[in-house]
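Welcome! Take a look at the sequence and the 3D view, then read on.

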Amino acid sequence: MSQQYKNILDSLNAMGLYAKHVKSTLEFSGLEEDSRRQIAVILESMYEESCRQERAFKQALAH
């Protein structure tokens with residue numbers, strides 16, 4: 001795998017990990033529960049999308 005492809009996969013992975021990290025720190029943010037819930041939904045969606053893109057990218061490389 002070329003370095004460029006590895007960098008893309010690393011970026012996708014980092015985005016997912018960042019979303020999970022921010023989601024886990026929301027409870028200490030001082031935001032209202034409703035706001036935290038809305039942000040958590042967005043972050044979960046970001047994480048799921050990064051995982052989907054990573055799988056799709058790996059499948060594309062396998063062909």
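Predicted model: local features only at pLDDT ≥ 70, side-chain atom pairs only at ≥ 80, totals over all residues.

The protein chain contains two helices and zero strands. The buried residues of H1 pack against H2, and the buried residues of H2 pack against H1.

**The chain as a whole**

- The C-alpha trace of the protein chain spans about 45 × 15 × 10 Å along its principal axes.
- The radius of gyration of the protein chain is 15 Å, whereas a compact globule of 63 residues would have one near 11 Å.
- Of the 63 residues in the protein chain, 17% count as buried.
- If you take the contacts in the protein chain between residues at least 6 apart in sequence, 64% of them join residues at least 24 apart.

**Helix H1**

- H1 covers residues 3–25.
- The 23 residues of H1 should span 33 Å at 1.5 Å a residue, and this agrees with the 32 Å between its end C-alpha atoms.
- Leu-9, Leu-12, Gly-16 and Ala-19 are the buried residues in H1.
- What do the buried residues of H1 pack against? Their partner is H2.
- An α-helix has 3.6 residues a turn, so residues three or four places apart point the same way.

**Helix H2**

- H2 covers residues 33–62.
- With 30 residues, H2 reaches 43 Å from its first C-alpha to its last, which is close to the 44 Å expected at 1.5 Å a residue.
- The buried residues in H2 are Arg-36, Ala-40, Leu-43, Ser-50, Glu-54 and Phe-57.

- Ser-50 has its place in helix H2, and with a relative accessibility of 2% it counts as buried.
- Setting aside residues up to four places away in sequence, Ser-50 touches Leu-12, Met-15 and Gly-16. Leu-12 and Gly-16 are themselves among the buried residues of H1.
- Glu-54 also lies in helix H2. Is Glu-54 buried or exposed? At 18% relative accessibility, Glu-54 counts as buried, because the cut-off for that word is under 20%.
- Apart from its neighbours within four places in sequence, Glu-54 is in contact with Leu-9, Leu-12 and Asn-13.

**Rings**

- How many aromatic pairs does the structure hold? It holds one.
- That pair is formed by Tyr-5 and Phe-57, in an edge-to-face arrangement with 5.8 Å centre to centre and 65° between the planes.
- Tyr-5 belongs to helix H1 and Phe-57 to helix H2, so their pair ties together parts that are 52 residues apart in sequence.
- Tyr-5 counts as partly exposed, at 35% relative accessibility, while Phe-57 is among the buried residues of H2.
- Another ring to look for is that of Tyr-47: Lys-20 lies over its face, at 4.6 Å from the ring centre.

**Around the loop between the helices**

- Thr-25 is found in helix H1 and is partly exposed, with a relative accessible area of 34%.
- Thr-25 and Arg-36 are eleven residues apart along the chain, and 9.9 Å separates their C-alpha atoms. Arg-36 is one of the buried residues of H2.
- Where is Glu-27? Glu-27 sits in the loop between H1 and H2, and it counts as exposed at 56% relative accessibility.
- The C-alpha atoms of Glu-27 and Arg-37 are separated by 9.7 Å, with the two residues ten apart along the chain.
- Arg-37 has its place in helix H2 and is partly exposed, its relative accessible area being 46%.
- From Arg-37 to Lys-23, 14 residues apart along the chain, the C-alpha atoms are separated by 9.4 Å.

Definitions and conventions: Residues numbered from 1 in each chain as written. Heavy atoms only, no water. Phe/Tyr/Trp six-rings, centres within 6.5 Å; stacked < 30°, edge-to-face > 60°. Helix = DSSP H or I, 4+ residues; strand = E, 2+ residues; numbered from the N terminus. Buried < 20%, exposed > 50% of the residue type's maximum accessible area, 1.4 Å probe, protein only. Lys NZ or Arg CZ within 6 Å of the ring centre and 35° of its normal. Contact = heavy atoms within 4.5 Å. Expected span 1.5 Å × (residues − 1). Rg over C-alpha atoms; globule rule 2.2 N^0.38 Å.
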